[in-house]
Each structure stands twice: as C-alpha cells, then as structure tokens.
Amino acid sequence: MKRDLMEKFLTGGKSMLLAYDQGLEHGPSSDFNEKNVDPAYIMDIAAKGGFNGVVFQKGVAERFYDGRVPLIVKLNGKSSLPKGEPVSRQVCSVEHAVALGAKGVGYTIYLGSEHEPRMFREFGKIQEEAHEKGIPAIAWVYPRGAAVQNDTSKETVAYAARAGLELGADAVKIKYTGDPASFSWAVKAAAGARVFMSGGPKAPTDDDFLRQVEGVIQAGGTGLAVGRNVWQNQDPLAMAGKLRKVIFGR
Ligand code: FBP
C-alpha cells in the first residue's frame, strides 16, 4: 500500500494550501497590488491564516520562506508571454527544493498540449526523486491547448485527475467542474491521489467561492490550493477563517 506522503499537509484528512507563483505565471501587473506584490505579506497570511502549506517558486522561497508553515516549491513555471501550445519546463531541482526546506514539490502538466510528453517525462523523474527523499510530488494538471475543448467539463477534469494518478502524483490540483456530483467523478478517477481544487480568478463574492469549496468537500476532495481568492481579498485572514470553517468544520 502506498504511503500517504501528503500527511504533513493535512489537518484531520483535509487541507488548505496557499499558492503564490502567479508573479511568474501571470506577471505582477495582472494579479498584484501594492500589498500582495510583497511575498512577506503572503508568508504572513499563510502563517496567520492557518494554511497547511505555502507554494513558492525557488526565488521567492530563497528570500522569503521563514519556516512558519510547510513549504512546497514549484519546480516548473512559465510566463504568460509566449503564445501557442503551452509548455512549462523544470526550473528547480528536487534537491535544491529540499535544501530550501521543502516538504513537497509541485509541477504543472498541461494535459493535451502538443508538448505533453516532455512534461510527463520531467514529472516522472521528479516524482521518483521526490519519493527517494520522502516528500510528495503534487501535480497541477491543467488540460490546455488546441486539443482541449472545455477544461472544466466532467470528462476533462476527471481525465486530469486520472492522469495525475497514473503518473504517480501524490496529489492533483485540478479545476472545479461546477457541481459536487460531477466533481466526485474526478475524485473517484484519482483513486486515492489526493484531490485539491485550483482557485482560479477571484470570484465576485466570498460566498460564490465558498460554495465551490463546499462542493469540493462534499465530493470527497481533500481541499484547495488557492491564491487570488485569498490574497486579493480585502481581508485575507477573514477569508482564510471562512475557508477553514468549510474545509475543517471549525
Ligand atoms: P489561483 O488560486 O490564484 O488560481 O492559483 C492557483 C494556480 O494554480 C497557481 O498556482 C498558478 O499560478 C495559477 O493558478 C495558474 O493559473 P492559470 O494557468 O490558470 O492562469
């Protein structure tokens, strides 16, 4: 039986991770304001908001990670500037992530992209290296590219979850399908790999977002890995409190 390497990121079997790699993925002008452009502000939200982990690229981790919550280092990344079929390549080694204090590593796979085989191969190697060091490999599985019609359909999201399982991911980070019934099919398809909902752009209201999170928990998901819906909120700690209530029931 496979050991659950995600244990160190769980509270009563559930989890809430704070993602902050958008500075590379989207650029500062698209997502940040005067406050959340500062990684120290995010580190503080992660610690005071009761998050089970914080996700940084290595450059941010090197300067701002202070050990208050478990660290996940994102090992690949891309900017929003190149057009065409998406590909994200490795920019940090498992070894360096561990040296920075990482208790887990993350890697994005654009399922369906014409560059999918390169990302499969890279993730395969990362998964083996991470497991040798006793830490989980978390796959952000985002169906994307010309071949993908609808990246939040029941079928496509379940395919993303299953691809993560097949590739050996300890946890998959996937988009929400919009309702718990269809999301539960993705959770089944993940067959034991832990399922995290990816946050997405800030929802119009807190309640809109909380309803999605409720659906994830109802469907048997582990929780969420969220960025913008927390640190773009006027009051990130209040939002974190509302999320804790839904995810951990307290
Ligand atoms: P958000 O909650 O802000 O959507 O963050 C989740 C995340 O997976 C980040 O880790 C990543 O930077 C971003 O979404 C990628 O977004 P996309 O590729 O959909 O633009």
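Predicted model: local features only at pLDDT ≥ 70, side-chain atom pairs only at ≥ 80, totals over all residues.
1. Ground rules. Local features need pLDDT of at least 70, side-chain atom pairs count only at pLDDT 80 or more, and totals for chains, interfaces and linings use all residues. Numbering starts from 1 along each chain as its sequence is written, and side-chain values use heavy atoms, with hydrogens and water left out.

2. Burial of β7. Strand β7 spans residues 137-141. Strands here are DSSP runs (E, at least two residues), and helices are H or I runs of at least four, numbered from the N terminus. Five of the five residues in β7 are buried (under 20% relative accessible area, 1.4 Å probe, protein chains only). A137, A139 and V141 lie on one side, I138 and W140 on the other.

3. The β6 side. Strand β6 (residues 102-109) runs parallel to β7, with five bridges between them. Strands pair if DSSP finds at least two bridges. G106 stands opposite I138. Helix α6 (residues 116-132) links β6 to β7 in a right-handed crossover (clockwise from the first strand over the helix to the second, with the strands pointing away from the viewer).

4. The β8 side. Strand β8 (residues 171-174) also pairs with β7 in the parallel sense, over three bridges. Here the bridge partner of I138 is A171.

5. Contacts of I174. Which residues does I174 contact, leaving aside neighbours within four places in sequence? Among them are V141, V157, A160, F183 and M197. Contact means heavy atoms within 4.5 Å.

Technical notes: Buried < 20%, exposed > 50% of the residue type's maximum accessible area, 1.4 Å probe, protein only.
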